[in-house]
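Student: Can we go through the salt bridges in this one? Start with what counts as one, please.
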Amino acid sequence: MEKLTAQEEQAMQAIWNLKACFVKEILDNIKGEKMPYTTLASTVKNLEKKGFVKSVKYANANRYEPIISEEDYKEKFMHSFVGDYFKNSYKEMVSFFVKEEKLSASELEEIMQMIKDNKSE
């Protein structure tokens, strides 16, 4: 699975939230700075070529539906991210966020509790 560009990720976030949508609906649901309609339409076409969405023809318009789930993309992206930046070590990643003060002691405790809960299942 290919890594998406920032623009493609922005479009996919809207598509995942909407489940099935037309380009205009995607445009209306994009968070942050809006891109021109034609740029978004090209971006969505690229997502279709990459196999992230499929189009269903409705009269003269295409409705787009996700093929790749948000969870699947996150899993692949995080695996690649941790491999590329943290030597395949989630411990290194957590350590980085602690050192950068992006992760509090209470959040670490929550993570530890999740790990303990997961092991007991």
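Tutor: A salt bridge here is a side-chain nitrogen of Lys or Arg within 4 Å of a carboxyl oxygen of Asp or Glu. Keep in mind that this is a predicted model.

Student: How do Lys-24 and Asp-28 meet?

Tutor: In a salt bridge, with N to O at 2.9 Å. That is within 4 Å, so the pair counts.

Student: Where do Lys-24 and Asp-28 lie?

Tutor: Both are in helix 2, residues 23-29. They sit four residues apart, about one turn of the helix.

Student: Are Lys-24 and Asp-28 buried, exposed or in between?

Tutor: Lys-24 is partly exposed at 47% relative accessible area. Asp-28 is partly exposed too, at 46%.

Student: OK, new topic. How many salt bridges does the structure hold?

Tutor: Eight. One of them joins Glu-2 and Lys-50, with the closest N and O atoms 3.5 Å apart.

Student: Which parts of the chain does that pair link?

Tutor: Distant ones, 48 residues apart. Glu-2 is in the segment before helix 1 (6-18). Lys-50 is in the loop between helix 3 (37-49) and strand 1 (53-58).

Student: And what is the accessibility of Glu-2 and Lys-50?

Tutor: Glu-2 has a relative accessible area of 45%. Lys-50 has 27%, so Lys-50 is also classed as partly exposed.

Student: Which residues are linked in a network with Glu-2?

Tutor: Glu-8 and Lys-50, through salt bridges.

Student: What does Lys-3 pair with?

Tutor: Glu-9, with the closest N and O atoms 2.6 Å apart. Lys-3 is partly exposed at 46%, and Glu-9 is partly exposed at 24%.

Conventions:
Residues are numbered from 1 along each chain as its sequence is written. This is a predicted model: local features need pLDDT of at least 70, side-chain atom pairs count only at pLDDT 80 or more; totals for chains, interfaces and linings use all residues. Side-chain values use heavy atoms; hydrogens and water are left out. Helices (H or I, at least four residues) and strands (E, at least two) are DSSP runs, numbered from the N terminus. Buried means under 20% relative accessible area, exposed over 50%, partly exposed in between (1.4 Å probe, protein chains only).
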